[in-house]
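The points take the ligand first, then the cavity, then the salt bridges.

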Amino acid sequence: MATQTGKGTALVTGASSGIGAVYADRLARRGYDLILVARDAARLNALAERLTTQTGRRIDTITADLTVKADVRRIEERLRADTGITMLVNNAGVGATASLIDSDVDALETMIDLNVTALTRLTAAVVPGFVARGNGIVINISSIVALSPETLNGTYSGTKAYVLNLTQSLHHEVGDKGVQLQAVLPGATSTAFWDRAGLPVEHLPSQIVMSAEDMVDAALAGLDQGELVTIPSLPDAADWERFNNARQHLQPNLSHKLPAARYKRVAATA
Ligand code: NAP
């Protein structure tokens, strides 16, 4: 078990490449010890070795496939038992670019297992301890497709909308109990994600693609500013506020005893 030193320990899923590997780098430099989780042990160990040398932080690795129940349970147990853990970065995820009718539904189910089920179980494992200790941070990597279901694959955007929704809901539940929540909504980011999702990143217009380093640095700046939702590409934060306010404006009228007048049944004529 990692002992709490300085900022404590951050557990980062999907740390073997891309955005997760940059989080590992930045968090080690901010003084966190790390637990790095992914399937590729060789890449995890190489990253852990480099960051230990460069930062002197204590870095553990756990090889786990977060679509496999037993592996998820192992991480849940660590999150519950290790009171030195002060941050969870739910980053591991896969995408898809094909339309639903052109997709392999088993692959979509595996994506839900990773992007939704594992993320939910890990969050549910760590948050009670954070609440009990009055301290902890959960960073959930969503995506701008959470706000744009017409972009990429609808199951993928649905998983990322779930991540946004869960983060907002959890903030509502435990945001005043010492737990900081953040949903990060990256736009296109230059990582292996795109090759794995079947669309090489080189096929995207370069002006819409951010580096993983810029994305994570912006997201951490948003965290430092206490943002619940961070959209690194969005030039004007007021645009998000207007969108979110419009959603909240619906709230008082979303549940009534009677249907709205426009749905009144027209009397049948004999
Ligand atoms: P990436 O380089 O492919 O990284 C994905 C990470 O998830 C890898 O470390 C991978 O490690 C891990 N992973 C994949 N399947 C896993 C499994 N079954 N069990 C455990 N770990 C698994 O892509 P990325 O862009 O950094 O993606 C990170 C997150 O950002 C994802 O949630 C993605 O949806 C989100 N995102 C990405 C973009 C983008 O444009 N790149 C945009 C918006 C959101 P192993 O293969 O070693 O297991």
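1. In this predicted model, a polar side-chain atom of Tyr156 lies 2.7 Å from an oxygen atom of the ligand. Thr191 has a side-chain N or O atom 2.6 Å from an oxygen atom of the ligand. Asp65 puts a polar side-chain atom 2.9 Å from a nitrogen atom of the ligand. A polar contact here is a pair of N or O atoms within 3.5 Å; within protein, one must be able to donate a hydrogen and the other to accept it, and residues adjacent in sequence count only if both atoms are side-chain atoms. The protein covers 97% of the 880 Å² of accessible area that the ligand has on its own (Shrake-Rupley method, 1.4 Å probe; for residues, only the protein chains shown count as cover).

2. On the basis of the numbers: residues run from 1 along each chain as its sequence is written, and side-chain values use heavy atoms, with hydrogens and water left out. Local features need pLDDT of at least 70 and side-chain atom pairs count only at pLDDT 80 or more, while totals for chains, interfaces and linings use all residues.

3. The structure holds one cavity of 30 Å³ or more, with about 40 Å³ of space in the largest cavity. A cavity is a set of points on a 1 Å grid over the protein atoms alone where a 1.4 Å probe fits but cannot get out; lining residues have an atom within 4 Å of a point. Grid points are joined across faces, edges and corners, and the volume is the space filled by probe spheres set on them.

4. The lining of the largest cavity includes Thr13, Leu66, Asn90 and Asn91. Helix α4 (residues 105-133) gives the most to this lining, with four residues. By class, the lining has six nonpolar, three polar and no charged residues.

5. The count comes to 14 salt bridges (a side-chain nitrogen of Lys or Arg within 4 Å of a carboxyl oxygen of Asp or Glu). One of them joins Asp217 and Arg26, at 2.7 Å from N to O. This pair links distant parts of the chain: Asp217 is in helix α7 (residues 212-224) and Arg26 in helix α1, 191 residues apart.

Technical notes. On a 1 Å grid over the protein atoms alone, a cavity is a set of points where a 1.4 Å probe fits but cannot get out, and a pocket is an open set with protein on both sides within 12 Å along at least five of seven lines; lining residues have an atom within 4 Å of a point. Helices (H or I, at least four residues) and strands (E, at least two) are DSSP runs, numbered from the N terminus. Ala, Val, Leu, Ile, Met, Phe, Trp, Tyr, Cys and Pro count as nonpolar, Asp, Glu, Lys and Arg as charged, and the others, Gly among them, as polar.
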